[in-house]
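Please read the points below with the model open beside you, and look up each residue as it comes up. The notes concern contacts between side chains.

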Amino acid sequence: QVDCPERGYLLVPVAVQMLYEGNGAGAYELFDRAGHIGDRFGEIDLTTFGRLGRGQSLIEQGQVREGLAFLDEAMVAVTADEVSAMTAGLVYCAVIDACQRTYDLRRAREWTTALSHWCESQPDLVPYRGQCLVHRAEIMELQGAWPDAMQEATTACTLLSQPPGTPAVGDAYYRLDELHRLLGDFEVAEAAYRQASRWGREIQPGLAFLRLAQGNVGAAAAGIRRAVEEAHGQSERPRLLAAYVEIVLAARDIPAARTAADELTGIADRADVPVLQALAAQSSAAVLVADGQPRPALREARAAWVIWQRLGVPYEAARARILVGLACRALGDQDAARMELDAARWTFVGLDAAPDLARLDTLSGSGTRGGGGRLTPREVEVLRLVASGRTNRAIATDLFLSEKTVARHVSNIFGKLGLSSRSAATAYAYEHGVV
């Protein structure tokens, strides 16, 4: 056989197939041979593919730290503009995907920023630009920049849906529906979940959380249970387990939640990754609170909060503070409980996380109620904007509603809360923590 670069390039697709089949060791061997051929002949694209593939293969085998080191080496050639544009796009997407699957938030942020700059110089590579926007949307969502994340995900859906389309559009729709769910736009979220499913995207745990927010605990538990039973890869299982704990606790199945939390703790201990440690601590805290063990629950919840704060993930940090508050309440420290729940409320208000605000109202017993009953998530949004001094026209512009619809919302708010003026509504909003 002739020793030449072409031999190395022919090894790459065979290795990729092995990787998809779960044969990490076999794939590593072929990627290693391809990389050495690239080194011998000065084929930097082939060398880079070899490093990328070895990193992916090691991650598949559970050697995450060693695998990420190879991915860093691959990125050196990419960021130095030593490889072709096509190779750069493939490596960027593969590396960021690996970082997100291994819950390496620091690298995911760093390489997503680099990919954004690269995409600006490659306007014709639409698939990469679309996937870049999906990655950016996920990072922005974690950082609490939800309006920006919504814009990026919407643009990604448009770009990736252009004929002939690409399966990555399913990821774009999933990001979009997650944001709508978090904001309380349940009908829009459900439609987006259907779109994501059509493109082959697993829509759990998002759909299960949507059903839980809608009060359909049985459907939520059935959906998340099915997803956990089918998930065996180390990338998707931890998030599914964390969701499973929360949902089966809502179904009052503490033993099942405890089993899942213990499995998640084992995964986190082996991986030694901050995101997984936070998920595990938060899940354990939720089980301990439900099981009447507030003191160890407080320790776990505080640990989760510290990690989320350090990572700059405000939404999850606020959810951890709710568990801290519930543990403090169970220990009899009502002042600390109120302060923790108020801190969580402050974050949710800033994020416009209407469903979480409604749940928090239930937990704290101080919901936005009036003579006519509870405000809807949209009415809470409108009340917040009224309290900020906006006119009906300005609110309509902010929320993409008609001025007539806003006027109806304001009228409903006044009726439910027994108020007669915008100044009274503003006072109510500040008094009850809506602003």
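1. Glu403 counts as partly exposed, at 40% relative accessibility, where buried means under 20% relative accessible area, exposed means over 50%, and partly exposed lies in between (1.4 Å probe, protein chains only). This is a predicted model, in which local features need pLDDT of at least 70 and side-chain atom pairs count only at pLDDT 80 or more, while totals for chains, interfaces and linings use all residues. Residues are numbered from 1 along each chain as its sequence is written, and side-chain values use heavy atoms, with hydrogens and water left out.

2. The side chain of Glu403 meets that of Arg393 in a salt bridge (3.6 Å, N to O), a term that requires a side-chain nitrogen of Lys or Arg within 4 Å of a carboxyl oxygen of Asp or Glu. Because Arg393 lies in helix 21 (residues 392-399) and Glu403 in helix 22 (residues 403-417), the pair ties together parts that are ten residues apart in sequence; helices here are DSSP runs of H or I with at least four residues, numbered from the N terminus. Arg393 is exposed, with a relative accessible area of 58%.

3. Salt bridges that share partners also join Asp72, Asp104 and Arg107 into one network, and a search of the whole structure finds 28 salt bridges.

4. Another of these contacts joins Asp171 and Arg201, at 2.8 Å from N to O. Asp171 belongs to helix 9 (residues 169-183), whereas Arg201 sits in the loop between helix 10 (186-198) and helix 11 (206-213), so the pair ties together parts that are 30 residues apart in sequence. Arg201 also lies over the face of Tyr174, at 4.0 Å from the ring centre; for this, NZ of Lys or CZ of Arg must be within 6 Å of the ring centre and within 35 degrees of the ring normal.

5. Within helix 12 (residues 217-230), Glu230 and Arg226 are four residues apart, which means a separation of about one helical turn, and they form a salt bridge whose closest N and O atoms are 3.1 Å apart.

6. There are five aromatic pairs, counted when rings of Phe, Tyr and Trp (its six-membered ring) have centres within 6.5 Å, with planes under 30 degrees apart called stacked, over 60 edge-to-face and the rest tilted. Tyr92 and Trp118 form a tilted pair, 5.6 Å centre to centre with 45° between the planes, and both residues are buried. Trp146, Tyr315 and Phe348 form one aromatic cluster.

How values were computed:
Helix = DSSP H or I, 4+ residues; strand = E, 2+ residues; numbered from the N terminus.
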